[in-house]
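Here is a report on one protein chain. Take a look at the sequence and the structure first, then read on.

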Amino acid sequence: MTGSMGDGSNPTESRPRNPILVALDVPTGEDAVRLARELSPHVGGFKVGLELLTGPGPAIVGVIGRLGKPVFADAKLHDIPNTVRAAARHLGEAGARWVTAHAAGGRAMLEAAVEGLREGAGARAAGILAITVLTSLDQDALAATGVAATPGKLAAVRARLAREAGCEGVITSVRELGVISDVAPQLLRVTPGIRPVGVDSHDQARAATPAEGMERGAHYLVIGRAITGAPEPGRAALDILSGLDLPGTSPGS
């Protein structure tokens, strides 16, 4: 774990020049590479999710990474520590800058993920992003699984766990960003469930706009269909970036 955002900066001190991580939730490796090539000049990096990791396979991480932008493998690891360590090591070898693991798996599992990714990445910067609470879950959905805590309280507990386990950051909804900043300010905050105004929230129970995400303290915004499903994905990415009005940020940065 490096504690950086891939450019040597500390997440508590600065943000990336371009905070957009595009979710390449497409069915084929060819589609993913085509989109990544088109979008690479306009975004900060890419997310490779389960659809690609279980289809084309982990090698797609390295293929997309060779375009020069960081890639996070959204593997959502959650298993016994030894299995998670091996899986994280393989993803590190494949070229992942970040790998996700469920904080619900416990500290020992997260520590195993951190160690495995470090082993796989070698000298290259790489870190674990601990998933606090899925953005598809609200309080009623959590209660149905036997969890009595609110999403905010649960996110706080799991963020502390991630910090103690040596994770580089967390995956958290916009609504819990303030809580994460309070309990673990040193962690990188990556926020999914981002939908520009007028875009359907689909299966996200706790969605927010890009501007809300940045205002509340996100370092990176994970945005998928609003960009990849647009008639002109590159233009859609640029429009979102320009709407953030970030200091020192210009289209293509």
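## Contacts across the chain

Take the contacts in the protein chain between residues at least 6 apart in sequence: 69% of them join residues at least 24 apart. Keep in mind that this is a predicted model.

The protein chain holds eleven helices and eight strands. It has 253 residues, and 53% of them count as buried. Its accessible surface comes to about 10500 Å². Carbon and sulfur atoms account for 51% of that surface.

## The nonpolar cores

The largest nonpolar core has 65 residues. Which of its residues touch the most other members? They are Leu 24, Ile 64 and Val 99.

Look at Val 99 in detail. Leaving out residues up to four places away in sequence, Val 99 touches Ala 73, Ala 75, Leu 77, Leu 91, Leu 117, Gly 127, Ile 128 and Leu 129. Another core lies apart from the largest one. It has eleven residues, including Ala 23, Phe 72, Ile 131 and Val 190.

## Salt bridges

A search of the whole structure finds twelve salt bridges. The table gives three of them.

| Pair | Closest N to O distance |
|---|---|
| Asp 25 and Lys 47 | 3.5 Å |
| Asp 74 and Lys 76 | 2.6 Å |

Start with Asp 25 and Lys 47, which form a salt bridge. Asp 25 sits in the loop between strand 1 (20–23) and helix 1 (29–39), while Lys 47 belongs to strand 2 (residues 45–48), so this pair ties together parts that are 22 residues apart in sequence. Are these two residues buried or partly exposed? Asp 25 is partly exposed, at 42% relative accessibility. Lys 47 is buried, at 10%.

Arg 34 and Asp 31 tell another story. Both are in helix 1, three residues apart, which separates them by about one helical turn. Arg 34 is partly exposed, with a relative accessible area of 46%. Asp 31 is partly exposed too, at 24%.

Next come Asp 74 and Lys 76. Asp 74 is buried, with a relative accessible area of 7%. Lys 76 is partly exposed, at 28%.

Lys 76 has one more feature. It is found in strand 3 (residues 71–77). Its phi is positive, about 50°, although Lys 76 is not a glycine. Why point this out? Most residues other than glycine have a negative phi.

## Helix 11

Helix 11 covers residues 233–244, which makes twelve residues. From its first C-alpha to its last, helix 11 reaches 17 Å. That is close to the 16 Å expected at 1.5 Å a residue.

Which residues of helix 11 are buried? They are Pro 233, Gly 234, Ala 236, Ala 237, Leu 238, Ile 240, Leu 241 and Leu 244. These buried residues pack against strand 1, helix 1, helix 9 (210–215), strand 8 (220–223) and helix 10 (225–228). After helix 11 comes Asp 245, with a positive phi near 50°.

Find Gln 139 first. It lies in helix 6 (residues 139–144). Gln 139 is partly exposed, at 40% relative accessibility. Gln 139 and Pro 151 are twelve residues apart in sequence, yet their C-alpha atoms are 6.2 Å apart in space. What does Gln 139 touch, not counting residues up to four places away in sequence? It touches Ala 148, Thr 150 and Pro 151.

Now find Asn 18. It lies in the segment before strand 1. Asn 18 is buried, with a relative accessible area of 4%. Where does its side chain reach? The side chain of Asn 18 reaches the backbone oxygen of His 42, at 2.9 Å.

Technical notes: Residues numbered from 1 in each chain as written. Predicted model: local features only at pLDDT ≥ 70, side-chain atom pairs only at ≥ 80, totals over all residues. Heavy atoms only, no water. Salt bridge = Lys/Arg side-chain N within 4 Å of Asp/Glu carboxyl O. Helix = DSSP H or I, 4+ residues; strand = E, 2+ residues; numbered from the N terminus. Buried < 20%, exposed > 50% of the residue type's maximum accessible area, 1.4 Å probe, protein only. Contact = heavy atoms within 4.5 Å. Areas by Shrake-Rupley, 256 points an atom, 1.4 Å probe, with all protein chains shown as cover. Expected span 1.5 Å × (residues − 1). Core = buried A, V, L, I, M, F, W, Y, C linked by side-chain atoms within 4.5 Å. Polar contact = N/O pair within 3.5 Å; in protein donor to acceptor, adjacent residues only side chain to side chain.
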